[in-house]
Structure formats: structure tokens, C-alpha cells
Number of protein chains: 2
Amino acid sequence: MRTGEVRDAHRVSDLTARARIRDAAIHCFAEEGFDAPFRRIAARAGVSPGLITHHFGSKAALHAACDTEVLHRYRQGKQDSIAHPSAHLLQGLTTPGASATTLVYILRSVHAGGPSARDFLDRLIDDARAVMADSVASGLVRPSRDEEARLRHLIHQAIGEMLVRFVTMPGLTPEEFVAALQSRQADSILPTLELLTEGLFADRQLLDDYLAYRDGCAAPAALEAPA
Amino acid sequence: MRTGEVRDAHRVSDLTARARIRDAAIHCFAEEGFDAPFRRIAARAGVSPGLITHHFGSKAALHAACDTEVLHRYRQGKQDSIAHPSAHLLQGLTTPGASATTLVYILRSVHAGGPSARDFLDRLIDDARAVMADSVASGLVRPSRDEEARLRHLIHQAIGEMLVRFVTMPGLTPEEFVAALQSRQADSILPTLELLTEGLFADRQLLDDYLAYRDGCAAPAALEAPA
DNA sequence: CCCGCGGCTGGTCACGCGTATAGCCTGCTG
DNA sequence: CAGCAGGCTATACGCGTGACCAGCCGCGGG
């Protein structure tokens, strides 16, 4: 009986047990972080804990395999979302057209830090670069004096804000978190739009001062302390 | 001999060994996160691991004691920085006038998430509220249609960006991180100023559309999908 | 029909953690 | 000077983890 069940799941979910373990690990990592124990991943995949070591060798290798798979799914979801470009720029910049699990997994990767976080962020920046270029070309957004720095800054801001929201409401499933995130985004959409269209400062003095300092590169006192 | 050393340290660093343990814990937590083991904290404080339990009862209690102490130091540093208001609004909003250890500890608290993160963020927002109100009153920044939401949004963005920078360069001491952070901030100061003075969007259409939708509250189609 | 072989199991290992406890050693007190 | 109190140490325990390994079992070829 058990063997039959497993073999059925084998056929239904994926071809190999390795893939089943990987998917279970992705879900567990998204739900409870990368400290999720082997035993729980194994239980979710319907296999024994030893099999994980047998297939992946170590936890780091499993983690890496999950990273590449999630990156693959993210890219796929991105292409799918390009197919029907209904979302406007804001959501296109911040939220990728991916499933809740994928998004939360990426968020957890950034949260865990290290080279993996860097990879995901670089990928997000790469994908946003094209969108940003199009938006500038179509006249929707103003050009920047340093497009690359602005892009990095915007992505880091957006992901960072999502990360803060994420860590301040723990214990939620990925689906619950994404729902809560969108609800909160609705609350802060007004100040976001305000800042993105009108800016924060009432006059151009600080920017012009900095530009003058930058071009002239001779009067740093104008920036630091006018006194 | 050893006893003499301890008693000297006793006199020099602080009155009570409890405070010495607390300070060592703050440094360890800032350097390697809240997973720092008792034994390392004890070694840093120059005491035995058992003494930590003896004084604080549990790790959660030690954590809480460190939180209150760091919050206290943060407030003190804030008051000190108010004394000499040389920094301009940007740094005033993002970086508090605190030591590297204090800043990194707060960042780690936010990173760890949970109620503690919420407390720190709320405190940061509370402190920024007065600065923001002053800036609006003095005409430096534009008023918002929802000051509180904009404040939350800005703080979450700023802290989130610092958090992303923090997790993407692991293995640094607090001092090294703060130095690197200021260096990176210099790189992204131009897009920041651009965004804060000129905004991102070239025209007011999206904001006006949203405001019309908000006031009328009857044409949600205008926001979601024009098709 | 029998054999071998590879996927898979579950029991076991060593490790590091926070915590609990028994005892030492010092300095104060009568 | 003797006794005591308490800060402090050393040691041990229970728990949960990732990793390891000997053996079972069903499928495919001789």
C-alpha cells in the first residue's frame, strides 16, 4: 500500500524522487526558512531523511539546487507576465509575476544574505533594467543622470521594504504573506505615488547644490555643513 | 591573579558583572547575530557560561535586556545628535547619531523580526516624525496627503535598504559595515536626490488618476487595467 | 526461475546548543 | 579568628540537528 502510494505520487508529482525532495524543500524553506530540518522536508516529500543526503550530499547542495530551481521558475513566471502586460510599472518593479512560494523563497534568500542573496538581487536588477529602459524611452519616467545607480537604489529600496514587511509579520504562510503585502501596499500606494511624481523636497536646492559640487568638484563645504 | 584581573575589569568596565555580560552580549549579537552562543558571550565578558543563566535566567531575558539597553543608548545618541544639527535631512532620517554597534544591533533586531523588530521600527518612526514635521513646517519638504503613511513608507524603505546592504555583505564587523554603508551611500546619493526632488514619473497622470479614483471611489478600472 | 543491482529505509552517531546543579572560593561580619 | 553568605565556576544533562551506514526489497536480465 505505502509503496503504491509513493509510486503514484512518483508518477503524479514528478518523475524522480530527487525532484520531489527539491520541491518539498522549496516549500519548507519558503514557509519556515532555511533552518527547516531534513526530517520535515523528508516527511513532506514522503521519503526518509536519509534519502536527502543520499541524493544531494549535504544541506548546502540541496539549498543550491533549490536556488537554481527557484531562479528558473522566477524567470519563467517573468516571461509569462510579459505575455500579458496588464500590471503597471510599480508592481512590475516590485512584485514579479511569480507564485507566492517563489516570491517568499526569494525574500527568504535575500533575508539569509550571502552570495545567494546577491545573485537574486542582481537578477532582479537585470530584469528591471529592461522595464526601466522602456519606461524611460516611452517618456513615462524621467531619465536619470546615473541610470544604473538609480536602478540599484530602487530595487534595493523596494526589496528592502518588502523584507521589512516580511520580517515584521512572522508565522504567516507564503500565500497569507503575499495577501497581507498587497493589502499593505494598497495603504501606502498614495505616499508612494506622491513621492514618485512630486518628490519629497519642495525645492531643487539640495539637488542643484550637489550637482554643482559634483561638476565643480571643488566646494564640498556646500554639501556637508553650510556653517 | 585571575581574580585580581577580574576585579580590575570589574572596576574599570562597569560596576556589576551583570552589566559586563550585557555589554558583551550586545557586541556579540551585533557581530554575529542573536544565535551567538552563551559560551562566546561568557568568554567575551570574562565569566563562565553558567553565570549568564544565573543573572538573566534565560537567553530570551538576556536578549530583552540587551534590547532595552540598546534602545536607551539609541535615544541618548539621538539626543546628542540633536545637540549639533549639522547632518542634513537624509542622514537624519536614515542613520541615527549612534555608534556602529548600536546601529548594527538595531539592524540585526529588525533582521531577526518579530515584536522586537516592530518595536525598534516604531521607535525609529516616532523619532523621525518630529524631524519630518519640522521639515514640512519649514517648507523644506512638501506636505503629504497622508503624513503618517508617508513616514512609515520612508522609514521602511530606508531601513529596508540598509538591511539589504547589510545582508549582502556578511562577515564584516559593525565598524566595517558602517564604513562600507557610508561609502555606498555616497554612490547612490545622486539618484536619491534626483528621486526626492524630481520624482520618478515624468507626468502627474498616475497620481491624478489615483486621486480621482480615491475621491470618486467609483472607477477602479482606471487603476487596474485600462483595457 | 534465479540473481544481482540500485533506490530507499530507519536506526545510529557525534556535535553544539541552552539549561540545571553541586561545589569552591572570596570577602564581609560578629 | 570563625562562620556564613553569595557570586562564580565546572560539570553534566536533555534535546535536536546534519550526517552516516548496514540492510531490505522490488525490478530487470541471464
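Me: Ala, Val, Leu, Ile, Met, Phe, Trp, Tyr, Cys and Pro count as nonpolar, Asp, Glu, Lys and Arg as charged, and the others, Gly among them, as polar. Going by that, how do the residues of the surface near DNA strand D divide?

Reply: Into 7 nonpolar, 7 polar and 2 charged. Bear in mind that this is a predicted model: local features need pLDDT of at least 70, side-chain atom pairs count only at pLDDT 80 or more, and totals for chains, interfaces and linings use all residues. As for labels, residues are numbered from 1 along each chain as its sequence is written, while chains are lettered from A and ligands numbered from 1 in the order in which they are written.

Me: What makes a residue "near" a strand?

Reply: Its C-beta atom, placed from the backbone, has to lie within 6 Å of the strand. There are 16 residues around DNA strand D, and Pro37(A), Gly50(A), Ser58(A), Ser48(B) and Gly50(B) come nearest. Two or more residues each come from helix 3 (38-45) and helix 4 of chain A and from helix 4 of chain B.

Me: What span is expected of helix 9 of chain B, and what does the helix reach?

Reply: The expected span is 1.5 Å times one less than the number of residues. With 21 residues (147-167), helix 9 reaches 30 Å from its first C-alpha to its last, close to the expected 30 Å.

Me: Why is helix 9 of chain B called largely enclosed?

Reply: A residue is buried if 20 or more other C-beta atoms lie within 10 Å of its own, exposed if 12 or fewer, and partly exposed in between, with C-beta atoms placed from the backbone. In helix 9 of chain B, 17 of the 21 residues are buried, so the rest of the structure largely encloses it. For chain A as a whole, 33% of the 227 residues count as buried.

Me: How many residues does the contact take from chain B and from chain A?

Reply: Contact means C-beta atoms, placed from the backbone, within 7 Å. By that rule, 52 residues come from chain B and 51 from chain A. Helix 9 of chain B supplies the largest share of its chain's side, 13 residues. By class, that side has 25 nonpolar, 15 polar and 12 charged residues.

Me: How do you know through which surface the copies meet?

Reply: 98% of the interface residues of chain B are also interface residues in chain A, so the copies meet through the same surface.

Me: What makes a nonpolar core?

Reply: Buried Ala, Val, Leu, Ile, Met, Phe, Trp, Tyr and Cys residues joined through C-beta atoms within 7 Å. The largest has 83 residues, and Val110(A), Leu163(A), Val110(B) and Leu163(B) have the most contacts inside it. Among the residues that Leu163(A) touches are Leu107(A), Val110(A) and Leu163(B).

Definitions and conventions
Helix = DSSP H or I, 4+ residues; strand = E, 2+ residues; numbered from the N terminus. Contact = placed C-beta atoms within 7 Å. Lists of a residue's contacts leave out its neighbours within four places in sequence.
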